[in-house]
Amino acid sequence: MKSDDWTTLSCPLPSQEHAAAAENRQNSLTKPPGSLGILERLAVRLAALQETERPKVDDARIILFAGDHGITLHGVSAYPSAVTVQMLHNFATGGAAISVLARELRAPLEVVDVGTLATTEIPGVVRDKQCAGTRDFSTEPAMTIEEAQFAMAAGRRAVQRAAVGADLLILGEMGIGNTTSAAAVASALLSKSPDDLVGRGTGLDNKGVEHKARMINAALKLHGLGGTEKSPLETLACVGGLEIAALTGAIISSAQSRVPVLIDGFIVSVAALLAVRINPSCKEWLVYSHRSYEQGHQQVLEALDAEPLLDLKLRLGEGSGAALALPIVKLVCALHAGMATFDEANVSGRG
Ligand SMILES: O=C(O)c1ccc[n+]([C@@H]2O[C@H](COP(=O)([O-])O)[C@@H](O)[C@H]2O)c1
Ligand SMILES: Cc1cc2nc[nH]c2cc1C
């Protein structure tokens, strides 16, 4: 078996039978049908995925992948690359936003360095990397195919270590420069102009955003991306990132292992797009937590037929938007399991 063959192995199909049972229950609960909006569909989807009429999300886990980006040589981020490794220490010592959210939610957090510039072990951070950052994709491919596959497999290893058996997996990322890589991948996969997919990232001004779009445009031409000739894996290798590759592998592996994934912001959604292009059967296993403030996110969400739960103008990453949405997902399950039916509560149905 080739080392990349696992990526296309089918994910389980949601159970139609349990979806029907959950939908019946939703429609019998003491509320006008449809009044809980998109949350009703979420309850039914989780029921189908967990093969039960009454799903639960008691055991959620969080995995965060970090990587650095050669393209940062060209001033595409408001922050220096050094921040990625500095933040790894912050994640490990509990001071980052996702560290606080993980503690509050009692969700175990695993942080994996899949390709930062760090040269030494960082206590509390799993190291699973071949490369210290990607290459500058304005002059050469960011990764070789083998490097991208290694990082995808690192994503799978993390899921097998930290998420198998969980009710839900939250994926997050950290990588200065990764909104440039993510926008480049999305432009190529969606055949859209980078002008429509670039955003401010960590806080670029208008000139910075224009420069970022020009860099991506030139790179797409250099690598022959944007048409149909290149595969998703080749696109990932040319202009993607090591943490984006790990996220892609983790999404596929989680779906194959029957663990639904709560997708975070722009970067994780672009990894979801890659995952669905590589293995369409993983699509059913993805739940979208929020619409990020990053300009291109809406287009990526549309391409994935996503219905995000929140729209809070977040643009932090780290899995923070997904962590903030987790209480809603838990409460959706509690409502679905705990509300009385019209019959049980002796409430009259529609006249
Ligand atoms: O998740 C998002 O939608 C999001 C939007 C903008 C920025 N980020 C975070 O900011 C970093 C990338 O921004 P930049 O400007 O360095 O490309 C990276 O660490 C991401 O986690 C994340
Ligand atoms: C401080 C900081 C924290 C982050 N977390 C995710 N991306 C980030 C980018 C910066 C700059």
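Tutor: Helices (H or I, at least four residues) and strands (E, at least two) are DSSP runs, numbered from the N terminus. The model is predicted.

Student: Which feature does UniProt place at Glu318?

Tutor: The UniProt entry is unreviewed. The feature that this record places at Glu318 is "active site".

Student: Is Glu318 buried or exposed?

Tutor: A residue is buried if 20 or more other C-beta atoms lie within 10 Å of its own. Glu318 has 27 C-beta neighbours inside 10 Å, so it counts as buried.

Student: With which residues is Glu318 in contact, leaving aside its neighbours within four places in sequence?

Tutor: Part of the list is Ala96, Ala97 and Ile98. Leu64 is there too. The list also includes Gly172 and, as one of the residues around ligand 2, Met174.

Student: How do the residues of the shell around ligand 2 divide into nonpolar, polar and charged?

Tutor: The residues around ligand 2 are Tyr79, Val83, Met87, Met174, Thr202, Leu316, Gly317 and Glu318. Gly counts as polar and Glu as charged. The division is five nonpolar, two polar and one charged.

Student: Which residues come nearest to ligand 1?

Tutor: There are 24 residues around ligand 1. By class, seven are nonpolar, 12 polar and five charged. Among the 24, those that come nearest are Ser77, Gly201, Gly265, Ser292 and Gly317.

Student: Which element supplies the largest share of the shell around ligand 1?

Tutor: S4 (168-174), H6 (178-190) and H11 (266-278) each supply at least two residues. The largest share is three residues, and it comes from H6.

Student: Which residues of the largest nonpolar core touch the most other members?

Tutor: This core has 113 residues. Its largest share, 11 residues, comes from H11. One of the leading members, Val185, is in contact with Val270, another of them, and with residues including Leu236 and Val239. The residues that touch the most other members are Val185, Ala246, Ile251 and Val270.

Student: How many of the eight residues of H9 are buried?

Tutor: H9 covers residues 232-239. Its buried residues are Pro232, Leu233, Thr235, Leu236, Ala237, Cys238 and Val239. They pack against H5, H6, H8, H10 and H11. H9 is largely enclosed by the rest of the structure, because the number of its residues that are buried is seven.

Student: Is Arg106 buried or exposed?

Tutor: Arg106 lies in the loop between H4 and S2. Its phi is near 50 degrees, a positive value in a residue other than glycine. Arg106 has 9, so it is exposed.

Student: What is the phi of Arg258?

Tutor: Arg258 is in the loop between H10 and S5. With 15 other C-beta atoms within 10 Å, Arg258 is partly exposed. Although Arg258 is not a glycine, its phi is positive, at about 70 degrees.

Student: What radius of gyration does the protein have?

Tutor: The protein has 14 helices and six strands. Its C-alpha atoms fill a box of roughly 70 × 45 × 40 Å along the principal axes. A compact globule of 351 residues would have a radius of gyration near 20 Å. The protein agrees, with 20 Å.

Terms used:
Residues numbered from 1 in each chain as written. Chains lettered and ligands numbered in written order. Predicted model: local features only at pLDDT ≥ 70, side-chain atom pairs only at ≥ 80, totals over all residues. Near = placed C-beta within 6 Å. Rg over C-alpha atoms; globule rule 2.2 N^0.38 Å. UniProt positions renumbered as here; feature names shortened; annotations may be inferred. Buried ≥ 20, exposed ≤ 12 C-beta atoms within 10 Å, placed from the backbone. Contact = placed C-beta atoms within 7 Å. Core = buried A, V, L, I, M, F, W, Y, C linked by C-beta atoms within 7 Å.
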